[in-house]
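Here are my notes on the model. Please read them with the structure open.

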Amino acid sequence: MKLNEKKILEHMIKNKGITELNAFVQYGVPPKQLKRVIRNLRNKGMSIAGDRTFMDMTYHLERFEA
């Protein structure tokens, strides 16, 4: 697992989700790269839902199995 994936996953577990703005401000991950990280996590079997608000995309971790 890459460093960005690990940071994003830890944030999603602690806060039950992450927004594009949080990822960019806190970790320096732009939205396009965040989508790639989310896609990689989904391919590894994690259940992640995405919700589009007016300005931002929010990703929620629905189920996490270690």
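1. A salt bridge here is a side-chain nitrogen of Lys or Arg within 4 Å of a carboxyl oxygen of Asp or Glu. A search of the whole structure finds one. Its partners are the side chains of Lys 44 and Glu 5, at 3.0 Å from N to O. Lys 44 lies in the loop between α3 and β2 (47-52) and Glu 5 in helix α1, so the pair ties together parts that are 39 residues apart in sequence. Helices (H or I, at least four residues) and strands (E, at least two) are DSSP runs, numbered from the N terminus.

2. On provenance: this is a predicted model, where local features need pLDDT of at least 70 and side-chain atom pairs count only at pLDDT 80 or more, while totals for chains, interfaces and linings use all residues. Residues are numbered from 1 along each chain as its sequence is written, and side-chain values use heavy atoms, leaving out hydrogens and water.

3. Burial next: buried means under 20% relative accessible area, exposed over 50%, partly exposed in between (1.4 Å probe, protein chains only). Glu 5 is buried, at 4% relative accessibility. Lys 44 is partly exposed, at 48%. Arg 36, in helix α3, is also partly exposed, at 42%. The C-alpha atoms of Arg 36 and Glu 5 are separated by 9.5 Å, with the two residues 31 apart along the chain.

4. Which residues have the most contacts inside the largest nonpolar core? They are Ile 8, Met 12, Leu 34, Ile 38, Ile 48 and Tyr 59, in a core of 15 residues. Elements giving two or more residues to this core are α1 (3-15), α3 (31-43) and β3 (57-63). The largest share, four residues, comes from α3. A nonpolar core is a set of buried Ala, Val, Leu, Ile, Met, Phe, Trp, Tyr and Cys residues joined through side-chain atoms within 4.5 Å.

5. Ile 8 has contacts (heavy atoms within 4.5 Å) beyond four places in sequence. It touches Ile 18, Ala 23, Tyr 27, Val 29, Leu 34, Val 37 and Ile 38.

6. Thr 19 sits in strand β1 (residues 18-19). Thr 19 is buried, with a relative accessible area of 17%. Its side chain reaches the backbone nitrogen of Asn 22 at 3.0 Å. Not counting residues up to four places away in sequence, Thr 19 touches Leu 34, Asp 56, Met 57 and Thr 58.

7. Val 25 lies in helix α2 (residues 20-27). Val 25 is exposed, with a relative accessible area of 62%.

Methods. Polar contact = N/O pair within 3.5 Å; in protein donor to acceptor, adjacent residues only side chain to side chain.
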